[in-house]
Every structure is written in C-alpha cells, then in structure tokens.
There are 2 protein chains.
Amino acid sequence: MDSQESGSNEGRRARGRPRDWHDKTEQNTIKSLDRAMAVLEYLSRSQGLPLTRIAEDMGQSPATVYRVLVTLEGRGLVEFDGEDQLWNIGPGAFVIGARFLRRTSLVDRARPIMRKLMEDTGETANLGIEKEGSVLFLSQVETHETIRAFFPPGTLSDMHASGIGKALMAHMEADRLQRVLAKSSLQAFTDHTITDRDALLNDLAQIRDRGFSIDNEERTAGMRCIAAPVFDMNGEAVAGISVSGPTSRVTPEDVARLSAPVTEAAKALTQAIGGVAPALS
Amino acid sequence: MDSQESGSNEGRRARGRPRDWHDKTEQNTIKSLDRAMAVLEYLSRSQGLPLTRIAEDMGQSPATVYRVLVTLEGRGLVEFDGEDQLWNIGPGAFVIGARFLRRTSLVDRARPIMRKLMEDTGETANLGIEKEGSVLFLSQVETHETIRAFFPPGTLSDMHASGIGKALMAHMEADRLQRVLAKSSLQAFTDHTITDRDALLNDLAQIRDRGFSIDNEERTAGMRCIAAPVFDMNGEAVAGISVSGPTSRVTPEDVARLSAPVTEAAKALTQAIGGVAPALS
DNA sequence: TTGAATTTTTCATATTATGAAAAACGCTTT
DNA sequence: AAAGCGTTTTTCATAATATGAAAAATTCAA
C-alpha cells in the first residue's frame, strides 16, 4: 500500500542539530539488511506465503530469501508451517514489537482506565496514537457483548475516518494539520466518510468545541465510535481514547450518554500521564 | 533469561520429512542479518540505549551498529531520540509484530503443544480460559486409555474447583481476584473441594510459588488434575493448560512426574502466543 | 575558545552475501 | 510402484558489500 522499497530516512540527526545538506544517511543503510526487513514487512502484511512467491514479489532469488527466512526463523521472527509450506510472522516479532508499548507508560496507565470505560459503557474501548499521518491502535479492552467492534492492536487506520484520528487532528497546530491533510487523499470507506476538506475542518472545529469526536459509520458501515483526546505535559494531543460499537447499540441518542464517560476517561488518562489540557483559544 | 545469542534452529523441514543428518541450517543463516536482529532484540529489551553502549554490549564496532540502526530506522523498526541520544524500539516493530496476533488463535497454537503433553504424560490434556468468573474449557486432547477424564469443550466450571481455574486465580491482581471471589459461593462438589476462603488463598499462594496447581478430587471424585498458567504479552494469566486423569493413574506420587511436562507446556504456549511470564514479586 | 565524548564518514580489505544451477524432496499422476 | 512436476535446499564460484580502524564532524560542557 505505502512505502515498500527504500525506507524513508529523515531527521536522525543527533541532538536535533540542523544540517545544511541533505542527509546522506542513505549511504549508511545496509542493503542486505534493508532487503531482509522488506521481506519481513511484506510477510507481515500477508498471512502465509510460500517461499517462491515471496522471492518473486520481492524480486530476489529464492535462495537468498530462503536464507533470510531461515535466519529470521532462528530468532522466532518468522515461522514455517511444514503442513502447507507457508511462511508467517512469528511470535518473536510480536514479543519485540510489543515492547514498543512498554516504552511509554501510556498503555499501562491506560489499561485500568479503559477497563472502567468498557464496563461503564458496555462497549469496546480503544487507545490510539498518531503515527506518520495514520492512527495506530495500541490497545483495546473488549466488551462482553457477542457483537463486537474489533480493532486489533497494531492496526493502522486513516485519520480522517477515525474517531481517534479526528480527535487528534482537532487539536493539532495549523501547520501540522496542513501537512497531515496534504498527505491524505480523504479516501471514502463508506458513504458517510468525510471526503471534503472543508467539511472535515468544520467537523474538527465542532470537535474542539464539544471535546469529543464522533465517527458516524465513516470508516465501517454499521459501526459508530466516540473519541476524546489525551494531552501530554505540553498540552499536545498525543493519544485518543474511544469506545466503538454497532449502530444498533450506539444510536445517535446514545452518543449523549456515552460521550461523558469517554471524555472523563480521556481526562483521567491525561492526568495519569502528567498531561494538561491546553488552554482554549 | 533464556536463549539470547545464537538463534536455535530446529525442525523447519518441509512437510515434516525426516532426515538422517543433522540439519545444516546453520550454514544457511546470514551472519550479518542475525547480528542485526540480535541488536534489534537487545534494544527491545532495554528502554533507550546510546549507540556506544549497544556496540559495546554486542561486541561489535560502533560503525557497524550505527549502520544497522540507521537501516532499521528507515523502516521505523527503531527510532532515535535526538534529545538524549538514545535508540529505541519503534512503532514499525509493533505494527509488524502485532500482525502475528491476527493469524492464529490460542486454540490453534495450543493444539500441537497439548498433543505432545498428552503423549508425554499419557493423560488427557485440557486448555481453558477465564470467562466471567468461570473456567471455560476450549479444547482437549484425549488420552488413549479407556478410562478418561472427559471435559467437552465449551464446558463452564467453577474456578475454585478447577486446576486451571486456580492457576488463573493465583496470578490475578488482588482487586480482580476479590471481585471473582465475591461472586463465587465456593460451592462444594466433593468433600475435597476447598470451600474456605482463607484455605483457598493459601492454596493460591502455594500455586504461585511452585508454578502449577493441583485439583485433588476437588471437582469430581476420583479425578486429579495438574494445571499451569499461560501468560499474554502483558504478563497476565489468560489461559491454563492441564492434564487430568483418574486417581488410579494420577496418584499423589505421580504429581511430581507430571508437573514438569505441564509447566513446560504452559511455558511453550506462553511463548507461542508471544507472551511473557510476569516478573516474580 | 578549548577539550572531551560521541557520532558519522572515509577507505581499504576481507568477509560473506548472492544467484545460477544442481540436488533433494514431496506430492501427484500414470 | 515409478515417473513427472513443482517446490525447496544445497553447492559453489564470484562479485558485492559489510566491516573495523581511524579520521572527521559534531555537540555539550568548562
């Protein structure tokens, strides 16, 4: 879907020092390693691929891809299903990746708050942050109901079609918002998706005013979502908390009922990470 | 804790075909890639390391480690904090790793492990999770013996009278345990059932210490059961594995013999689902 | 400014990653 | 059973490139 080949290198200048020249870090990338990581990434996107297909799709020889896979397998990053001869992402990759969450205490702090939110509302609670212009879902607490909104952690989603995404955008500085919007094509996922830039800006203004956002079947038909922003110590929106559920249980009338617990949870998390809500402008 | 350096290669023989020779897959591992993955893994274990320390600890030159990190950074697998010059696991690693979860369920992961457990012990192996204060049996692999412990998948059972239930309770947070116990009446099923709250708490402490639980005819007269907990990525006990059999074949003396395979199986499943045992307190 | 510590870059070299092709292997067909 | 076919491993020669030492660049602290 997005970048596959060369990794985009920017701004890893030590101590944030500026540089006149273009970063020549490309000279510093290790080709074989980068190709191997491309394989890993590609493999993670699919669910089970045979060796030859990977080699084909990546434009590398089967022998090389084979060795890459065997090496990664040695560390559990990928695994091989002897039954149907398919390669897959392995638990080791998950273990490593999951440690990303541990880095910030955000997820840990959020868990009890999310659990309470789920119990109060009865709907699945989600936690997400912004990552390179998309919403990255970090954690969720599922409802007990049989019909569930399921957004597995690790999922990336377009910001304009996400409750958390819109809550985050609503509190971005103007220029940063412009950059994010410039990258986005405002793709339509349902006929409720906001695809018009001005309409989106309008919605964001409303969200800022009332303190929470509504995803009204904008990403998935039949699913509504209510989200609120979480702020860090500088008053920047760094995360969002939401509840999501089927339209049958989350009607427009329910929004009023659900918005309070959501904004409360967001405030509680803001406090838990030592953040402060920004001064209203 | 366990294997850190060289990845352990075993059994990625296609279609389970046997081989006379030792697997020479070690010849197929790509050294540079393996070293790079060691860096990634090492970095994930810590939370923020400067370049020089990584190089030192890995016994590689700073230049090489630098190039590895820059390459990985290009794909978001690691990131660099210009503020304090520290390298960290990046969101890209989480995105890739999280896709592991989408693939197979706990039950699928458990099946081969349970089969081996059954073969090692000769007794029926069971898998269960907690569901609303009860143990829900998800799967079992039956022994070949004619006298069998039979717990059909889907069965709900009281936690306090179940090996798996007690293993799960032993690793619950205090307040959650209180809530579960509050709901339970500690009903007696046999005259071995633990109906006293303090006696149960005592048993749970023992279970935590030795790593496995024993159901000594507490649910069904004539049946013993040994269970161990399975942990998820957060170190929470999310499932339990057990073997159960008639008292004739599972005597108190047999417990010592059987407990090792059970705890091993639980550990294997923990690893297979990308979980980690919690830090002992 | 000078100095110390860390990082990037340069460069020559040997390591080793790589692809072609052959071998081994599993599954299907005759 | 045996042969055929599509895979996956292994072998091997070669070129690519990963690597470390040391120099250069950079930042922070006095």
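Which residues in H5(A) meet which residues in H9(A)? Arg109(A), Ala110(A), Ile113(A), Leu117(A), Asp120(A) and Thr121(A) in H5(A) meet Leu258(A), Pro261(A), Val262(A), Ala265(A), Ala268(A), Leu269(A) and Ala272(A) in H9(A). Two residues are in contact if their C-beta atoms, placed from the backbone, lie within 7 Å. By class, the contact of H5(A) with H9(A) has 10 nonpolar, 1 polar and 2 charged residues. Ala, Val, Leu, Ile, Met, Phe, Trp, Tyr, Cys and Pro count as nonpolar, Asp, Glu, Lys and Arg as charged, and the others, Gly among them, as polar.

This is a predicted model, in which local features need pLDDT of at least 70 and side-chain atom pairs count only at pLDDT 80 or more, while totals for chains, interfaces and linings use all residues. Residues are numbered from 1 along each chain as its sequence is written, and chains are lettered from A and ligands numbered from 1 in the order in which they are written. Helices (H or I, at least four residues) and strands (E, at least two) are DSSP runs, numbered from the N terminus.

**Confidence**

Chain A has a mean pLDDT of 84, with 87% of its residues at 70 or more. pLDDT is the predictor's confidence in each residue, from 0 to 100. Over residues 1–24 of chain A, pLDDT stays under 50. Where pLDDT is low, the predicted coordinates should not be read in detail.

**Helix packing**

Axes are lines fitted to C-alpha atoms, for helices over the stretch in contact, and angles run from 0 to 180 degrees between N-to-C directions.

| Helix pair | Angle | Axis separation |
|---|---|---|
| H5(A) and H9(A) | about 170° | 10 Å |
| H1(A) and H3(B) | about 35° | 9 Å |

The angle of about 170° between H5(A) and H9(A) makes the two helices roughly antiparallel, a term for angles over 145 degrees. H5(A) and H9(A) cross in a right-handed way, and H1(A) passes H3(B) in a right-handed crossing. A crossing is right-handed if the near helix is turned clockwise from the far one by less than a right angle, and left-handed if anticlockwise.

**Between the chains**

In H1(A), Leu33(A), Asp34(A) and Met37(A) meet Val68(B), Thr71(B), Leu72(B) and Gly74(B) in H3(B). This contact has 4 nonpolar, 2 polar and 1 charged residues. The contact between the chains takes 53 residues from chain A and 54 residues from chain B. H4(B) gives the most to the side of chain B that touches chain A, with 12 residues. That side of chain B has 24 nonpolar, 19 polar and 11 charged residues.

**Sheets**

In chain A, 6 strands form an open antiparallel sheet in the order S5-S4-S3-S8-S7-S6. Two strands pair if DSSP finds at least two bridges between them. S5 and S6 of chain A stand at the edges with a single partner strand each, so one side of each is left without a neighbour in the sheet. S3(A) and S8(A) run antiparallel and are joined by 5 bridges; Leu127(A) has Ile241(A) as its bridge partner in S8(A). H5(A) lies across S3, S4 and S8 of chain A, at about 65° to S4(A).

Chain B has an open sheet of 6 strands in the order S5-S4-S3-S8-S7-S6, with antiparallel pairing. There, 7 bridges join S3(B) to S4(B), and Gly128(B) has Phe137(B) as its bridge partner in S4(B). H9(B) lies across S6, S7 and S8 of chain B, running at about 30° to S7(B).

Note on methods:
Parallel < 35°, antiparallel > 145°, perpendicular 65-115°, else oblique.
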